[in-house]
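Here is a short report on one structure with two parts to explore. Take a look at the model, then read on.

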Amino acid sequence: MARIIIPTPLRKFTNNQSTIEVEAIDIRESIDALSSLYPDLKKQLLDDTGEIRKFVRIYLGDEDIKVLNNERTPVTDDAVISIVPAIAGGLA
Amino acid sequence: MTSIKFSKEELERYSRHLIIPEFNIEGQRRLKGAKVLVVGSGGLGSPVLLYLTAAGVGTIGIIDFDVVDETNLQRQVLFTVDDIGKPKSTSAINRLKGLNPHVRFIEHNTRLTSDNALEILSEYDIVADGTDNFPTRYLVNDASVILQKPNVYASIFRFEGQVSVFNYTDKDGNTGPNYRDLFPTPPPPGLVPSCAEGGVLGVLPGIIGSLQANEVIKVITGIGEPLNGRLFLFDALTFETRTLKVHKDPEQPQIVKLIDYEIFCGLGGQDEEAVDVKEVTVQELENLKDRGSDFQLIDVREPYEYEIANLSGTLIPLAEIEQHVDQIASDKQVVVHCRSGVRSAQAIQTLEKSFGFTNLYNLKGGILAYAEEIDNSLAKY
């Protein structure tokens with residue numbers, strides 16, 4: 001099972017779960033599995049055409065999937081997938 | 001660099017740096033010769049400024065247009081209760097001067113804008129970005145890229161922090177990725193709440209801001225490996241830390257000029273008209289109450305916000321508004337409110353669009369404005 005790490009701003013869509021395990025062969029399947037478990041998370045991650053939103057980055061281990069094989073990057077059983085959203089806090 | 005001299009007092013003050021073999025007096029000279037601009041003197045800016053001042057950075061600029069308020073003191077350790085109501089930049093400099101009289105401070109008690117950013121940043125070698133909103137993040141990034149300055153970045157939200165060094169040029173003259181390589185576009189307004197809306201654990205900016213100060217010192221002195229091309233993530237709840245790679249994005253257009261960042265981030269301009277809803281002021285709400293008018297008050301905040309302060313409205317959190325539409329009257333005036341008026345405007349838009357309501361009024365400025373103008377006993381948060 002691949003492990004997906006959910007960032008703080010999106011945990012309200014996963015019942016505050018910080019990690020979710022999914023069965024998937026690649027990143028696309030992982031995101032789809034996650035979306036079907038937590039439908040409210042889907043619109044945060046994907047735009048209307050199903051593309052990953054540009055203010056969210058998906059990492060496999062420490063590598064950005066955009067320099068691997070994007071959504072078709074294969075995922076192994078011990079994979080750690082990170083969702084990294086833009087956050088802007090600091091001053092307030 | 002050898003032209004930079006130290007007094008006896010300075011040599012004694014910095015002695016714990018001077019005896020580190022990799023740092024020594026040369027590192028200290030670089031610090032003294034450096035000019036750093038800290039953007040925002042709040043949660044992140046507080047530890048950054050305290051540590052850079054203590055460490056002996058020669059010139060520190062502080063840009064902040066805000067004044068200190070009570071809700072800042074939970075995490076903005078630069079300030080005390082005596083500073084409430086005073087400009088942050090002035091209060092910060094007063095405090096920091098007491099910490100290290102050998103540092104020169106430059107106060108910019110103004111908002112960083114597309115009009116002044118290039119002029120202000122051009123006076124400095126390094127920028128440390130600790131702002132709280134996306135428009136300023138992109139502005140700081142773009143100005144740093146245009147002026148070819150490293151941008152030491154940190155950001156926080158609730159329990160999570162991010163740190164990176166953007167636009168860093170290494171010894172071989174290669175410049176690393178910038179913020180737009182990581183996040184080409186900002187999230188639409190409302191999707192990612194700010195700290196003011198989402199909250200932040202008070203100690204988190206202390207942790208993340210200290211890491212940011214550490215990176216500033218590394219960039220100045222050239223010791224170690226700065227977080228160039230890498231993004232550090234910290235989760236204070238799980239204590240999970242990760243360091244991810246950041247690459248330059250060849251598809252990103254070259255940044256050649258500053259733009260209107262409010263519009264770029266979906267704020268202001270045309271988008272503001274899109275959230276145009278009917279409004280009532282807090283005084284008008286008060287008049288409705290005083291006259292005993294038949295109206296309904298709906299509060300679209302979260303239950304934990306309701307506990308902090310409320311106006312005895314019917315609580316229906318924004319996310320549940322469509323499920324509980326049957327609780328909203330259609331035959332009389334309905335005033336909808338939240339903390340500051342943004343979420344309630346969204347709620348009204350949804351209700352008008354999906355259910356055809358025509359009797360909904362947004363409370364301008366939300367419960368914050370009510371606490372400010374009508375009822376001082378309500379807690380502002």
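B:Pro101 sits in the loop between helix 5 and strand 3 (104-108) of chain B. Helices here are DSSP runs of H or I with at least four residues, strands are runs of E with at least two, and both are numbered from the N terminus. B:Pro101 is exposed, with 10 other C-beta atoms within 10 Å. The cut-offs are these: a residue is buried if 20 or more other C-beta atoms lie within 10 Å of its own, exposed if 12 or fewer, and partly exposed in between, with C-beta atoms placed from the backbone. The C-alpha atoms of B:Pro101 and B:Asp181 are separated by 39 Å, and the two residues are 80 apart along the chain.

This is a predicted model, in which local features need pLDDT of at least 70, side-chain atom pairs count only at pLDDT 80 or more, and totals for chains, interfaces and linings use all residues. Residues are numbered from 1 along each chain as its sequence is written, while chains are lettered from A and ligands numbered from 1 in the order in which they are written.

**Chain B as a whole**

Chain B has 16 helices and 13 strands. Its C-alpha atoms fill a box of roughly 80 × 50 × 40 Å, taken along the principal axes. Of its 381 residues, 40% count as buried. The domain assignment, which is automatic or from a database, gives domain 1 (34-271) and domain 2 (275-373). The C-alpha centres of these two domains of chain B lie 35 Å apart.

**Two helices that pack**

Helix 4 (residues 45-55) and helix 5 (residues 88-99) of chain B pack at an angle of about 30°, with their axes 9 Å apart. Axes are lines fitted to C-alpha atoms, for helices over the stretch in contact, and angles run from 0 to 180 degrees between N-to-C directions. Which residues make the contact? Helix 4 of chain B brings B:Leu49, B:Leu50, B:Thr53 and B:Ala54, and helix 5 of chain B brings B:Ala92, B:Leu96 and B:Leu99. Residues are in contact if their C-beta atoms, placed from the backbone, lie within 7 Å. By class, this contact has six nonpolar, one polar and no charged residues. Ala, Val, Leu, Ile, Met, Phe, Trp, Tyr, Cys and Pro count as nonpolar, Asp, Glu, Lys and Arg as charged, and the others, Gly among them, as polar.

**Where the chains meet**

Contacts join 23 residues of chain A to 41 residues of chain B. On the chain A side, strand 3, strand 4 (63-64) and strand 5 each supply at least two residues. Strand 5 of chain A gives the largest share, three residues. The chain A side divides into 12 nonpolar, six polar and five charged residues.

**A helix with a buried side**

In helix 1 (residues 27-37) of chain A, the buried residues are A:Ile27, A:Ser30, A:Ile31 and A:Leu34. What covers them includes strand 1 (2-5) and helix 2 (39-45) of chain A.

**Positive phi**

Most residues other than glycine have a negative phi.

| Residue | Phi | Other C-beta atoms within 10 Å |
|---|---|---|
| A:Asn16 | about 65° | 10, exposed |
| B:Gln148 | near 60° | 9, exposed |

A:Asn16 lies in the loop between strand 1 and strand 2 of chain A. B:Gln148 lies in the loop between helix 7 (134-147) and strand 5 (151-157) of chain B.

Technical notes. Contact = placed C-beta atoms within 7 Å.
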